[in-house]
Amino acid sequence: MSEFSRIFAATTVALGMGLSPLAAAADQIIIGLQQEPTTLDPTADATASIDGMMTMNVFEALTTVAENGEVQPNLATGWKISDDGLTYTFQLAQDVTFHDGTAFDADDVVFSFNRAMAEDSVNPSKSIFKPIESVTAIDPHTVEIKLSRKDAFFLFNMGQGDSAIVASESVDTNNTNPVGTGPFKFDSWTRGDRLTLVKNPDHRDAANVALDKVEFRFISDPSAATAAMMAEELDAFPGFPAPELLTQFEADPRFRVNIGSTEGEVILAMNNSKPPFDNIEVRRAVATAVNRDEIIEGAMYGQAVPIGSFYPPHGTAYVDLTDAYPHDTAKAKQMFTDAGVEGTTMTLRVPPFPYATRSAEIIQSELAAAGIDAKVENVEWGFWIDEIYKKKNYDMTIIAHTSPNDMGNFARGPDYFYGYDDATFNDLWGRIETETDPTRRDELLQEGQRFLTDQSVHVFLFQLPLLGVFKTSVEGYWSSAPVLYMPLKGVTNPG
Amino acid sequence: MWYFIFRRTAGFVATLFVVSAVVFAVMNILPGDPALTILGLDATDDALAALREQLGLNQPVLARYVSWIWNALQGDFGISHSFRVPVSELIAERLPMTVSLAVAGMIFTLVIALSLGIGAAARHRKVGDWGVMFISQIGIAVPAFWLSMLLVLLFAVKLRWLPPGGFAGWSDPVAAMRSLVLPTIALGVVQSAVLARVTRSSALEVMRQDFVRTARASGLSRRRVLWRHVLPNALVPIVTIVGMQFAALVTGTIVIENVFYLPGLGRLIFQSISNRDLPTVQALVMLFAAIVVTANFVVDLLYVVIDPRLKART
């Protein structure tokens with residue numbers, strides 16, 4: 001071979017590598033997470049970071065949800081729905097294996113669903129399986145699911161971490177050694193410090209996965225998170241805990257800041273089951289006393305979108321109801337006087353989340369201006385869950401509801417911590433849940449938003465933003481999250 | 001002497017017993033529900049009931065306590081409610097981190113405090129003395145978490161000499177030591193400031209005594225008198241404080257581990273209390289109590305070694 005042809009050959013090879021999408025095959029990423037998981041099985045623990053790391057990365061489900069909220073095929077490559085909307089026949093992907101080498105087939109689907117639906121199931125979202133009557137394997141690659149009633153959210157719910165497909169061989173150890181079918185395999189976990197995933201070369205879509213290795217680090221303290229990003233110990237912090245610290249990243253050319261949306265509606269919840277909030281006029285007066293813009297500015301440093309009802313602004317059925325009770329302190333004061341509650345003292349018990357504690361101080365002063373003495377009590381999460389959520393021992397509280405499609409909370413009856421029970425709404429939610437036509441369902445969801453705002457069940461404050469800080473080399477991250485997970489399949493980090 | 005050891009051992013067991021009862025009672029009185037914490041706000045009632053059954057939360061409190069004590073006596077500290085693995089496994093994983101940090105903090109404290117304290121005493125009422133007094137005053141006043149942030153900003157973010165946090169274990173000793181430098185300083189500064197002042201005043205007191213003047217008069221060098229004669233005689237109050245400080249260092253790791261995101265026992269106990277993970281909290285509090293009681297016990301034994309005259313009093 002002449003000198004020329006050797007150089008030519010070498011150049012061709014180099015060019016070929018440069019042009020191939022696999023050139024970035026050595027991509028690695030180190031991701032910071034604020035919340036530390038205690039176990040790793042999304043079908044047995046609601047901790048959000050389990051979904052954040054495992055769902056659609058290690059574990060897969062029949063369907064998946066795209067960034068725009070659209071349901072897409074996953075382990076089910078397609079499905080047929082019977083005319084009555086009660087029977088779903090799923091075609092399953094072929095030649096899929098779990099990470100431990102066992103084959104995936106219809107029996108694994110049946111096993112996973114029966115486990116989630118069993119009497120002793122500890123699935124954190126067991127209610128999404130409630131409409132399911134039976135799950136049957138027709139052949140190794142076909143599963144039939146029969147519902148007892150129509151379910152508008154069925155296919156969406158089949159794409160959540162709660163409905164991940166697990167194998168009977170590995171289910172008992174998924175807590176500490178998760179085995180799924182996803183594009184990444186679990187590698188190692190040092191509790192309290194880091195968790196590592198590696199690429200699954202046998203995945204059916206492996207050619208489109210750029211990352212070879214993913215490392216999660218658990219950093220709960222906001223200033224430690226900032227230091228770790230600034231020292232370039234991390235490549236990404238997709239759920240950055242401190243909005244007040246974002247400006248210094250925005251000013252730094254090494255980083256890119258993303259402000260997206262989540263499914264989290266932040267509400268000032270009022271205990272509808274007891275005075276004075278069993279009186280709709282008092283609830284409307286609170287809504288009038290509260291100034292959302294001031295709260296967003298003060299508590300979220302301007303980084304949030306106001307909401308006027310219980311539905312995310314990025315959703316297809318959204319109606320803007322933020323002007324239903326325009327902020328008017330004098331009017332609110334008059335309304336409190338008319339209702340005979342002016343000058344009373346009430347408690348505002350807030351859980352230990354920055355969005356809640358900061359909002360509480362502002363709401364306290366807004367209520368004070370309208371003649372209501374709100375005592376702010378900062379409580380710890382365990383206390384909140386027991387005293388406020390379980391025992392309804394509160395007047396007002398602030399909380400974000402982070403699940404998608406959760407307007408049904410208002411139909412959970414008088415025992416739910418809202419203390420709200422309204423036959424008209426329960427009926428409306430029943431129709432929403434079972435309406436499978438998207439246009440008609442959106443109309444009903446709009447009716448629901450208007451109803452809840454008119455009833456002023458709570459004060460709807462703002463949509464919890466998704467604040468992310470990334471090194472500029474990191475691409476492909478979702479900017480908004482319509483679900484609790486963020487797939488790493490499309491993420492690249494050539495360094 | 002044997003009677004002394006027997007008495008202390010009985011006291012040790014009694015202390016641990018009382019601690020266990022208090023922790024169990026407090027954790028049960030505190031509002032909270034481990035099952036709800038794990039399954040979250042969308043959980044159905046039957047899933048919660050199934051999980052409570054799994055975790056053994058449906059049994060009466062007293063029965064749970066008795067069975068806990070019985071198992072603990074056999075070395076079984078139960079299964080963590082939130083992590084779902086044996087508590088002993090969790091502790092074994094995290095112990096090296098916390099022990100490394102506490103020991104490094106102790107060494108740092110002793111080296112800094114003894115040299116500064118003795119040095120200040122030797123330069124009594126001179127610039128060096130005032131300098132040490134001034135620095136130690138600042139050291140006492142600075143909160144550990146604030147100092148940690150400053151150290152991280154300077155050495156990790158600005159200069160990039162050391163990592164801002166994290167600890168990957170001792171498999172790479174150089175990386176492990178680098179990870180420990182900033183947390184050790186943050187942990188040790190307050191303690192060494194306190195100890196330096198105690199060392200100084202204790203040394204000054206000894207230096208006023210006749211035998212020191214005699215030693216100097218017999219021709220021994222200043223340095224030799226200080227380290228050979230003054231320090232050993234000044235040790236009793238120093239050892240008392242060091243014993244208390246060791247306990248403070250162990251508990252101080254809770255704050256430091258959170259700021260430097262180190263996977264140690266301090267962070268574990270913090271998380272377990274939020275999760276109402278009773279078996280883990282119980283075992284960890286017992287462990288911390290045992291460390292404190294043992295440290296006091298060792299101090300008592302050291303008194304006798306340092307000053308044989310005290311033997312008569314035990």
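## Two oblique helices in chain A

H8(A) and H10(A) lie oblique to each other, because angles under 35 degrees count as roughly parallel, over 145 as roughly antiparallel, 65 to 115 as roughly perpendicular and the rest as oblique. The contact between them is made by Glu294(A), Ile295(A), Gly298(A), Ala299(A) and Met300(A) of H8(A) and by Tyr355(A), Arg358(A), Ser359(A), Ile362(A) and Ile363(A) of H10(A). Two residues are in contact if their C-beta atoms, placed from the backbone, lie within 7 Å. By class, this contact of H8(A) with H10(A) holds six nonpolar, two polar and two charged residues. Ala, Val, Leu, Ile, Met, Phe, Trp, Tyr, Cys and Pro count as nonpolar, Asp, Glu, Lys and Arg as charged, and the others, Gly among them, as polar.

Helix H8 covers residues 292–300 of chain A and helix H10 residues 354–369; their axes come within 9 Å and cross at roughly 135°. Axes are lines fitted to C-alpha atoms, for helices over the stretch in contact, and angles run from 0 to 180 degrees between N-to-C directions. Helices (H or I, at least four residues) and strands (E, at least two) are DSSP runs, numbered from the N terminus.

## Basis of the model

This is a predicted model, in which local features need pLDDT of at least 70, side-chain atom pairs count only at pLDDT 80 or more, and totals for chains, interfaces and linings use all residues. Residues are numbered from 1 along each chain as its sequence is written, and chains are lettered from A and ligands numbered from 1 in the order in which they are written.

## Strand pairs in chain A

Strand E4 (residues 76–81) and strand E5 (residues 87–92) of chain A pair in the antiparallel sense over five bridges; two strands pair if DSSP finds at least two bridges between them. Lys80(A) has Thr89(A) of E5(A) as its bridge partner. E4(A) and E5(A) form a hairpin with five residues between them, and Gly85(A) in the turn has a positive phi of about 75°.

Strand E16 (residues 396–401) of chain A pairs with strand E12 (residues 255–270) in the antiparallel sense over six bridges, and Ala400(A) in E16(A) is the bridge partner of Val266(A). E16(A) also pairs with strand E14 (residues 345–350) of chain A, in the parallel sense over two bridges. Thr397(A) in E16(A) stands opposite Arg349(A).

## Where chain B touches chain A

The contact takes 45 residues from chain B and 41 residues from chain A. On the side of chain B that touches chain A, H7(B) gives the most, with five residues. The residues of this side divide into 25 nonpolar, twelve polar and eight charged.
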